[in-house]
Amino acid sequence: ASGRKARVAGRAARTGAPRGRWGRNRSVPRLHREGQVLALQGVGGRSPAMAPLLSGDLAVELGAVPLAYGAACAMAYATLRALSGALVPGWASLDARSRANWWNRGTSALNAVVIFGSAVLYVAWDNPALVMRESMSDFEKTAIDMMIGYMLYDTVIELLDSSDPFALVHHTLGLVAHVVARVNNSGASGLCIMLVFLAESSTPLLHAGWLMNKLGKTDNAAFKLMGATLLLLFFVFRVVLGPFVMGILIVRRDAWRESWENALMLVVMSGFTMLNWHWFHKLVSVVLSAGKPAEKKD
């Protein structure tokens, strides 16, 4: 035994490498399994950005929840398509395009309830101190996987029949950002994405207001209250929240300075912020003009 230790010590002395327990070279990166993600340790205690790509079952891990959740969104779309005629008063007055639009908007509203709920649980339970972790927690991974599933579903719908190029750009940027962050297991991106999920608070009211506007039910107190609440939520969780999250990334840049995917997240957040400002301007115009009597023509 003493001869073996002497040989190990001799190798360490020749290579200049520190010797750990059982004589293993601690400077050599070692793959290990933590949860379901492979990480690379031994290099300054930090995981390289692309370490998860070394996992042979990464495709299975990333595909399971997104595909299942995307399928659930498609089922919600089919359910709304089958039942909207019986559940929505005045459905017969809508044209074919508006009906198809509502089926997708209704699915978006249902998804928003789930995603916003996950964001509230995240802030209240999983990470109330808003710690920028080295890698994502299981809670972050699951919530982001669900959003990837919804974006896969919604991108297909937008590509098949999109009347709003801004919406297509929004979902394409979001899908790319979510996938990149998830593949690289970035804790900084995980924190920012979960905070951005709070923006989904305004989505159900946005789509419900759209439907009421299409049905001509805007000259009532319920619509005006909905519009005021929507403007408040949109302003707080989209117009203001975007720059706030960007500020977190900038202030804590030392935690991700060498991570290109977090720099990409900053660029994507800038794009989201500009899109949200554009939509807020349109939303204010719609809410202020809704319910006004039409001008009489001579």
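D126 counts as buried, at 18% relative accessibility (buried means under 20% relative accessible area, exposed over 50% and partly exposed in between, with a 1.4 Å probe and protein chains only). The model is a predicted one, in which local features need pLDDT of at least 70 and side-chain atom pairs count only at pLDDT 80 or more, while totals for chains, interfaces and linings use all residues. Residues are numbered from 1 along each chain as its sequence is written, and side-chain values use heavy atoms, with hydrogens and water left out.

The whole structure holds 4 salt bridges, a salt bridge being a side-chain nitrogen of Lys or Arg within 4 Å of a carboxyl oxygen of Asp or Glu. In one of them, D126 meets R133 at 3.1 Å, N to O. R133 is partly exposed, at 26%, and also pairs with E140, with 3.8 Å between the closest N and O atoms. E140 is buried, its relative accessible area being 1%.

A further salt bridge links K141 and D138 at 3.9 Å, N to O. Both residues belong to helix α4 (residues 138-160), 3 residues apart, or about one turn of the helix; helices (H or I, at least four residues) and strands (E, at least two) are DSSP runs numbered from the N terminus. K141 is buried at 8% relative accessibility, whereas D138 is exposed at 55%. Through shared partners, salt bridges join D126, R133 and E140 into one network.

Turning to helix α8 (residues 221-251), L232 lies within this element and is exposed, with a relative accessible area of 54%.
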